[in-house]
Amino acid sequence: MNLQVTGLGLDKMKLDSPQSFLDQEEADEAEEQQLLAPAAWRTYMERRAALREFLTAELSPQLLKRHHARMELLRKCSYYIEILPKHLALGDQNPLVLPSTMFQLIDPWKFQRMKKVGTAQTKIQLLLLGDLLEQLDGGRAELDALLESPDPRPFVAGWGLVEQRLADLSAVMDSFLALMVPGRLHIKHRLVSDIGATKIPHIRLMLSTKMPVVFDRKESVAHQDWVSLRWFVTIQPAAPEQFELRFKLLDPRTQQECTQCGIIPVAACTFDIHNLLPNRSYKFTIKRAESYTLVYEPWRDSLTLHTRPGPPEGRAPSRLGKPGLPLPTLSER
């Protein structure tokens, strides 16, 4: 009896070391092995390894993290209708290949209807992508729990259900990847009205995306009475783009201060705004200028900057002694 008590004391001491956790895991595995016949045990271990390999290759945390990042990017993109002759691929359009007269042939009222269809299709596509990504996250958590469970039955008698779950998750992943690319718009009616021509051009409509316009937080700075703003697009477009810059003074204190706001069309990625108030906060918003083919733009970047304090009292600039406030002046660089 004394030897047995001594042995238990030594085992208790071992449990305080990191190795004891590994020993306990090995002990649990040995106990599970005793419950299964040798052939069933080999099957159990092979299927556990197969499941672990599936999670590593198909549903790794790193892969799901990248998909979440891409999903967030898609929620910030702008979506447009592209009008293409059927023999051209998306991205081939240019003034030489696709004449501007194509728009003149399209019925404006029918095109506006197609823009509404494009908006609805884009919203549905983003909702489906979010739902599919949730299914992938849930599937990963479910399979992780299965690996951590000490119950061998799902890997032996219930393996068929596990295999079906893996197949379902693979199908969900395929659907998710396919939906990441905007697809073709389905046209129920002809967009080109009867123009009496012998041959009506064959066209197709596609949804395309443009990367979001984002303020450069490092290069956009506020000075005492002016700000220098800079923004960029992740993938630089082939042709120059037009932007719309908005600004407004936050918490205006007088009626005159309410004039410290504006909407500015800009054809570059930098802009300066002068004649702002010192030691005040301004909000700036940037987006692409409105386009005839735009169907959905759910997000626009905004930035708040605080101008630097003015000089000490007694050395104030002359404008403070004049009635009224000068309107902000604008300069494009």
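At 7% relative accessibility, Asp272 counts as buried, where buried means under 20% relative accessible area with a 1.4 Å probe, protein chains only. Welcome to a predicted model, in which local features need pLDDT of at least 70, side-chain atom pairs count only at pLDDT 80 or more, and totals for chains, interfaces and linings use all residues. Residues are numbered from 1 along each chain as its sequence is written, and side-chain values use heavy atoms, with hydrogens and water left out.

**The chain overall**

- Of its 333 residues, 34% count as buried.
- Among contacts with a separation of 6 or more, 76% come from residues 24 or more positions apart, a contact being heavy atoms within 4.5 Å.

- Asp272 sits in strand E9 (residues 270–274), and its side chain forms a polar contact of 3.2 Å with that of Ser228. Such a contact is a pair of N or O atoms within 3.5 Å; within protein, one must be able to donate a hydrogen and the other to accept it, and residues adjacent in sequence count only if both atoms are side-chain atoms.
- Glu244 belongs to strand E7 (residues 243–249) and is buried because its relative accessibility is 16%.
- Leaving aside residues up to four places away in sequence, Glu244 touches Ile263, Ile264, Thr285, Ile286, Lys287, Arg288 and Ala289.

**Helix H4 against helix H6**

- The axes of H4 (residues 61–76) and H6 (residues 108–148) come within 11 Å and cross at roughly 165°, so H4 is roughly antiparallel to H6 (angles over 145 degrees). Axes are lines fitted to C-alpha atoms over the stretch in contact, and angles run from 0 to 180 degrees between N-to-C directions.
- Residues meeting here include Leu64, His67 and Met71 in H4 and Leu129, Gly130 and Leu133 in H6.
- The contact residues of H4 with H6 divide into 8 nonpolar, 3 polar and 3 charged.

**Helix H3 against helix H8**

- H3 (residues 38–58) packs with H8 (residues 159–179) at about 10°, their axes 12 Å apart, which means that H3 is roughly parallel to H8 (angles under 35 degrees).
- Arg47, Leu51, Phe54 and Glu58 of H3 make the contact with Trp159, Leu166, Leu169, Ser170 and Met173 of H8.

Definitions and conventions. Helix = DSSP H or I, 4+ residues; strand = E, 2+ residues; numbered from the N terminus. Buried < 20%, exposed > 50% of the residue type's maximum accessible area, 1.4 Å probe, protein only. Parallel < 35°, antiparallel > 145°, perpendicular 65-115°, else oblique. Nonpolar A, V, L, I, M, F, W, Y, C, P; charged D, E, K, R; others polar.
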